[in-house]
Amino acid sequence: MFNLIKKDFAILSKTKSDLLELLFMPFILLIILGFSLGNVFMSEFSIDTFKVGLVNEQTTAKSLDRFEADLQEDGLPAPAIAELLTAAEESDPEKALTRLLQDESLEELMETQNFDSEKAAEEAIASEEIRSYIRIPENFSYNAWKSLYLNEENGAELILNTQSDGITGNILQSVVNSFIGQYNVESSIAIATQGEAEVSTDSSEYGEVVQLSVEEPINAFQYYTIGMGVMFALFTAPSLATRAFKEKEQHVFGRMMLSGMRPLTYLVSKFISGTSITFVQLITLFTLSTVVFGTFADKELGFWIALLTLTASYALFVGSLTSILTSVSLYSNNSSTVGFFGSFVSVFAFLGGSFTPVDQFSEALKKVGNWTPNGAAMTSYLQLLQGFSLQEVFPLMSRIITLTVIALVVSVWIFPKRRLE
Amino acid sequence: MLEVKNLKKTFKKTVAVEDVDLYIEEGESVGLLGPNGAGKSTTISMISTLLPPTKGTIKYKGKDVLKNPDELRPILGVVPQDIAIYGELSAYANMKFFGKIYGLSGSQLEKKIQEILELVGLSDRQKDVVDTYSGGMKRRINIAVALMHNPEFLIMDEPTVGIDPQSRNYILNMVKRLNGEKGITILYTSHYMEEVEKLCDRVYIMDHGRIIASGTKEELKNILSNEETIVIEVAERKQAFTDLLVSQKGINQVAEEENNYQLIVSKGDQLLGEIFEQARQTNVKIKSIHIQTPTLEDVFLHLTGRKLRD
Ligand SMILES: Nc1ncnc2c1ncn2[C@@H]1O[C@H](COP(=O)(O)OP(=O)(O)O)[C@@H](O)[C@H]1O
Ligand SMILES: [Mg+2]
């Protein structure tokens, strides 16, 4: 088995055109795209400083008055009431939220714009001035206090209305969740999401996003290092499958079978070759990009571990794709069949958003994109870059793994187990 | 040792091989002679267990090869018609790869590689990439790889196609040695009659998917015992002359090639006078006339009315 894989590596390393396509091309492209689209990219895809609307319908004074009235009604002694009111004022959730939104750490990420009414905010969304707003409803602080100090009411509700289910939507969701976490009154403040329901489903998919670390925004080199890497990794599969077709055509495969080797052994060797070549390819590209452009230079060990894990699972997928294409090429006597299936790869590459950020796609395309393994891989990589942990990226990664398993099963299923025609 | 009965192979609608019966005894060197497209490669692929026949049986030492391919495979060496080698790798790397596939390793593998490289005369170029080899060298490495596991039975499919005479001679002598000194049983496919004539004890002649004649070289030539071959060299061939030759009584077959006519005639008929007369009539200038003892080529010509290499 090792012999077979070593042979695939040896041949690849001797084939200039393939090396060029699989390693050199993505690097050149990322240089070109990184430099030329650097600026355009930042404005179009920037996740730094996006605008968030804030509609504050409550005033702390009013809430305090109401709360005081309630306390008096309950017949609490005056000193106790005074103490509670001071505590309440200090722990005003509205102030905490506005403070957080204005926090330095979020400054380079988003900009808060105040609106007088929900209507004004809706208009701003309609005119695409903003894509999301947070509404603090009337009685927000009051309800929070009631729940916090008196165990009454169901707690306060914070309303998040967002039209963005992309990265910005996620970030906002994280910010709000993080606020709730900080406020440490999960029971007293809930979040209600309006607008496109995407965010809430996404958030459950990505797991509880409580911690938001505000990293440097993704720059063009990072985006295209990932984009090109993920896309060109896909091309490894047809490249190896074409070789498998050649091995059959030139009767080298027959020679192997004559030695008593089982056909399945051969298929497995292609799977492992595809996986390991892709892994080496991606790591080489990441390393090269980091050495030349400092792409991932400032990342910590945790990021690299997550990166390696994600890369490994994506490499496994490409391995399984290699396996399918190998099956197809051994099954068919026609080299164009391999080419035909190979061209799916290009479609995948497009849908996965290697060239254009998926954020610019239509909703439907976006969904399809995230179900392509490379699209899922790409989103996962970008999330890792934004400081998401491996655990948080796992749901997306599990799509890749699922697709890998499916691809493997299919490839074994269509593999001609009998001797060959 | 090997017995093939009633072998047939159809690809979709084309019948590539039909009614093929043949046998090979241990230590024999058997030739399979036939023009391009005769069905030689297809027959060989079936015998070497790589292509399932549409019909027929193949038995090795009495056992059905189709049901138990693993009985035959370990002792079988196959030299395919195409160069079945990784061109991107060196000869040495190729041999190492295929040797390992056959379970060789370590110093045993190393020794075997060097021994065979010596045999095929590629020792000094072993580290070079196969793609940089000449046609003859590629053919030799193609054979070398098939010898890595000491096969007792070697099937060679046109191992000398398209190479220079020197390399060809080298290969022919090598095959003769493999058969003579090492006792390897050989099934040798070719469309070159001289090769088969030089190498093989027995010959099967194939055409249009069928065996049209078989036997020892002598037996086959005996088919022509009542005939002989006349080769006429002319300055320029003319259709009128050809027509006269074809209609001449006593001339059984006429084949043309460049400035030559090859005639198969009944022995004893005194035809030279007629031939000179016909040449004079049609204004063809005869440069020379030879009367030859028959070759296998002539046998093929006799049987099919065509030359082996049309
Ligand atoms: N895989 C195939 N599919 C269809 N036809 C084939 C295939 N292999 C061989 N043939 C046909 O079978 C015939 C015999 O071919 P082959 O065995 O290669 O002849 P030879 O080796 O004597 O030149 C030819 O007509 C060829 O076109
Ligand atoms: Mg052939």
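Me: How many helices and strands are there in chain A?

Reply: Helices (H or I, at least four residues) and strands (E, at least two) are DSSP runs, numbered from the N terminus. In chain A there are 19 helices and five strands, whereas chain B has 11 helices and 14 strands. This is a predicted model, in which local features need pLDDT of at least 70 and side-chain atom pairs count only at pLDDT 80 or more, while totals for chains, interfaces and linings use all residues. Residues are numbered from 1 along each chain as its sequence is written, chains are lettered from A and ligands numbered from 1 in the order in which they are written, and side-chain values use heavy atoms, with hydrogens and water left out.

Me: What percentage of the residues of chain A count as buried?

Reply: Buried means under 20% relative accessible area, exposed over 50%, and partly exposed in between (1.4 Å probe, protein chains only). Of the 421 residues in chain A, 54% are buried. In chain B, buried residues make up 54% of the 310 residues.

Me: What share of the contacts in chain A joins residues at least 24 apart?

Reply: A contact means heavy atoms within 4.5 Å. Among the contacts of chain A between residues at least 6 apart in sequence, the share is 82%. For chain B, residues 24 or more positions apart account for 69% of the contacts with a separation of 6 or more.

Me: Where is A:L4 placed, and which residues does A:L4 touch?

Reply: A:L4 is in helix α1 (residues 2-14) of chain A and counts as buried, at 3% relative accessibility. Not counting residues up to four places away in sequence, A:L4 touches A:M256, A:M261, A:T265 and A:S269, and from chain B also B:F97 and B:I101. A:L4 and A:Y266 are 262 residues apart in sequence, yet their C-alpha atoms are 7.8 Å apart in space.

Me: At what angle do the axes of α12(A) and α18(A) cross?

Reply: Axes are lines fitted to C-alpha atoms, for helices over the stretch in contact, and angles run from 0 to 180 degrees between N-to-C directions. Helix α12 (residues 220-249) of chain A and α18(A) cross at roughly 150°, and their axes come within 10 Å. Angles under 35 degrees count as roughly parallel, over 145 as roughly antiparallel, 65 to 115 as roughly perpendicular and the rest as oblique; α12(A) is therefore roughly antiparallel to α18(A). On the side of α12(A), the contact is made by A:Q222, A:Y223, A:I226, A:G227, A:V230 and A:L234, and on the side of α18(A) by A:N374, A:A377, A:M378, A:Y381, A:L382 and A:L385. Ala, Val, Leu, Ile, Met, Phe, Trp, Tyr, Cys and Pro count as nonpolar, Asp, Glu, Lys and Arg as charged, and the others, Gly among them, as polar. The residues of this contact divide into nine nonpolar, three polar and no charged.

Me: Is A:T379 buried or exposed?

Reply: A:T379, found in helix α18 (residues 373-385) of chain A, is buried, with a relative accessibility of 15%. Leaving aside neighbours within four places in sequence, A:T379 is in contact with A:N370 and A:L396.

Me: How do α3(B) and α5(B) pack?

Reply: α3(B) and helix α5 (residues 135-146) of chain B pack at about 25°, with their axes 9 Å apart. α3(B) is therefore roughly parallel to α5(B). B:A91, B:M95 and B:F98 of α3(B) meet B:I141, B:A144 and B:V145 of α5(B). By class, this contact has six nonpolar, no polar and no charged residues.

Me: Which protein donors does the magnesium ion have?

Reply: Donors are N, O and S atoms within 2.8 Å of the metal (3.2 Å for Na, K and Ca); water is not among the atoms, so sites may look incomplete. The protein donors of the magnesium ion (ligand 2) are B:S41 (OG) and B:Q81 (OE1), lying 1.9 to 2.1 Å from the ion. The pair is 40 residues apart, with B:S41 in helix α1 (residues 40-47) of chain B and B:Q81 in the loop between β6 (76-79) and α3 (91-101) of chain B. B:S41 is partly exposed, at 23% relative accessible area, and B:Q81 is also partly exposed, at 29%. α1(B) itself is mostly covered, six of its eight residues being buried.
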